[in-house]
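Grab a viewer and work through a few exercises on the chain below. Try each task yourself before you read the solution.

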Amino acid sequence: MENPIQLQLIQASVFFSAGIAVGLVYDMCRAVRRCSGALVRKMADVLFVCAASALLYVLGMGWGEGQLRIFMVACLCLGMMGYSTLCSGVTVPVFCKGIKAIQ
């Protein structure tokens with residue numbers, strides 16, 4: 001059974017937005033990696049992978065109606081790459097300053 005084009009556009013926008021959120025969380029993990037020891041780096045990597053995987057699963061089950069399609073993953077990757085290209089250079093130093101202030 002095919003999805004109507006309106007549903008696919010909504011799914012694409014949801015996954016694109018989720019990609020932006022994943023990019024933001026990745027930048028937070030990058031800041032933690034720059035300012036922390038080896039154990040904290042490993043924990044940040046594991047938490048990021050678990051969170052991103054859980055998000056992909058939940059979105060696939062909810063918005064994807066139980067199906068995870070290639071265009072959904074592509075939109076997630078595009079959102080993450082777009083965020084990384086446009087905003088990452090500004091947000092990582094800000095997160096690093098925040099982590100140094102907390103430490």
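What follows is a set of exercises on a predicted model, each with a worked solution.

**Exercise 1. Get the overall layout.**
Work out which elements the protein has and what its C-alpha trace spans along the principal axes.

Solution. Start with the elements: there are four helices and zero strands. Read from the N terminus, the order is α-α-α-α. Next, take the principal axes of the C-alpha trace, which spans about 55 × 25 × 15 Å. The accessible area of the protein is about 6,800 Å², and carbon and sulfur atoms own 73% of that. Of the 103 residues, 29% count as buried. Last, check the contacts: among those with a separation of 6 or more, 80% are between residues 24 or more positions apart.

**Exercise 2. Classify a helix pair.**
Decide whether α1 and α2 are roughly parallel or roughly antiparallel.

Solution. First find the geometry: α1 and α2 (residues 38–62) pack with their axes 9 Å apart, at an angle of about 170°. Angles over 145 degrees count as roughly antiparallel, so α1 runs roughly antiparallel to α2. Then look at who meets whom. From α1 the contact set includes Phe15, Val22, Tyr26 and Val32, and from α2 it includes Val40, Phe48, Leu55 and Leu59.

**Exercise 3. Sort out the salt bridges.**
Find how many salt bridges there are, and say where the partners sit.

Solution. Here's the background: side chains of opposite charge can pair when their charged atoms come close. The count is two.

Take Arg30 with Asp27, where the closest N and O atoms are 3.4 Å apart. That falls within the 4 Å cut-off, so the pair counts as a salt bridge. Both residues lie in α1, three residues apart, or about one turn of the helix. Now compare their cover: Asp27 is buried because its relative accessible area is 2%, whereas Arg30, at 25%, counts as partly exposed.

Now take Arg33 with Asp45, whose closest N and O atoms are 2.6 Å apart. This pair links distant parts of the chain, with Arg33 in α1 and Asp45 in α2, 12 residues apart. Arg33 has 35% relative accessibility, so it counts as partly exposed. Asp45 is partly exposed too, at 33%.

**Exercise 4. Track down the nonpolar patch.**
Which residues form the nonpolar patch on the surface, and which helices supply them?

Solution. The members are Phe16, Ile20, Leu78 and Met81, and together they have about 360 Å² of accessible area. Trace them back to their elements: α1 (5–35) and α3 (70–86) each supply at least two residues of the patch. As a spot check, pick Phe16, which sits in α1. Its relative accessible area is 36%, so Phe16 is partly exposed.

**Exercise 5. Look around Arg34.**
Is Arg34 buried or exposed, and what does it touch beyond its sequence neighbours?

Solution. Arg34 belongs to α1. Its relative accessibility is 52%, so Arg34 counts as exposed. Set aside the neighbours within four places in sequence, and Arg34 is in contact with Val92 and Cys96. For a distance check, take Gly60, 26 residues from Arg34 along the chain: their C-alpha atoms are 32 Å apart.

Methods:
Residues numbered from 1 in each chain as written. Predicted model: local features only at pLDDT ≥ 70, side-chain atom pairs only at ≥ 80, totals over all residues. Heavy atoms only, no water. Patch = residues over 30% accessible without salt bridge, like charges linked within 9 Å, V, L, I, M, F, W, Y side chains within 5 Å. Areas by Shrake-Rupley, 256 points an atom, 1.4 Å probe, with all protein chains shown as cover. Salt bridge = Lys/Arg side-chain N within 4 Å of Asp/Glu carboxyl O. Buried < 20%, exposed > 50% of the residue type's maximum accessible area, 1.4 Å probe, protein only. Axes fitted to C-alpha atoms, helices over the stretch in contact; angles between N-to-C directions. Parallel < 35°, antiparallel > 145°, perpendicular 65-115°, else oblique. Contact = heavy atoms within 4.5 Å.
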